[in-house]
Amino acid sequence: MKLIFALLFLMPVSLLAQSTDVGNWMIYFGDKKISEKWNWHHEVQYRNFNAIGDTEQLLLRTGIGYNLSENNNNLLLGYGFIYSEPYIGDTDAKTQFNEHRIYQQFITRQTSGRVAFQHRYRFEQRFFEDDTRLRLRYFLGITVALNHNQLVDNTVYLSAYNELFVNTEQTVFDRNRLYGGVGYRISKNVRTEIGYMNQRTNTVSRNQLNLIAFVNF
């Protein structure tokens, strides 16, 4: 199983470098334990319109979190930098812009047997060159252990989430992301996951292949 997930992440670029209606997101999530209460979160997301090689976004996010209770109820203050290359209308031309974000979030987790739940509430302040926007996000994630009674080392699991984005002004509905995938916990510090996500906005609905690595250290 470890070999299967390694191949998914290391497959030759030539196999992916073809035009497709399905985009690809390659994602790294990292968490560093600073003390019993404090943690440092960091992540990198490289998003493509096609399988690979047609940049949509590069997202860099970091933050400092505080655990209200062990392995649960985490408050976090963070910063994100987002470089975007969207297409202009229905043309083949693209534009470029940067976005800076400050965000606050609260994560709470519950476990019932093989099933684990995660709720994340996030408030974002988004800064563009000539505009400032505010956005609320609610994330509900579920994981189900398959070959063990809980998510321990060498566990294959199913993963699903839905995340709703809401603006505080203009058009209230921003977007919704619905995801389903399969993952493998290699150790308490490393998980890998592959999944399929649909992202719907007011104007478009797109599917994305997600390749994800979670690293705690």
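Residues are numbered from 1 along each chain as its sequence is written, and side-chain values use heavy atoms, with hydrogens and water left out. Because the model is predicted, local features need pLDDT of at least 70 and side-chain atom pairs count only at pLDDT 80 or more, while totals for chains, interfaces and linings use all residues.

A search of the whole structure finds 16 salt bridges, each defined as a side-chain nitrogen of Lys or Arg within 4 Å of a carboxyl oxygen of Asp or Glu. One of them joins glutamate 36 to lysine 33, with the closest N and O atoms 3.4 Å apart. Glutamate 36 is exposed, at 60% relative accessible area, and lysine 33 is partly exposed, at 49% (buried is under 20% relative accessible area, exposed over 50%, partly exposed in between; 1.4 Å probe, protein chains only).

Glutamate 85 and lysine 94 form a salt bridge at 3.2 Å, N to O. Here glutamate 85 is buried, with a relative accessible area of 16%, whereas lysine 94 is partly exposed, at 29%.

A further salt bridge, at 3.3 Å from N to O, links the side chains of arginine 101 and glutamate 124. Arginine 101 belongs to strand β5 (residues 97-112) and glutamate 124 to strand β6 (residues 115-127), so the pair ties together parts that are 23 residues apart in sequence. Strands are DSSP runs (E, at least two residues), numbered from the N terminus. Both arginine 101 and glutamate 124 are buried. These two residues also belong to a network of salt bridges that includes Glu99, Arg120, Arg126 and Asp174.

Conventions. Helix = DSSP H or I, 4+ residues; strand = E, 2+ residues; numbered from the N terminus.
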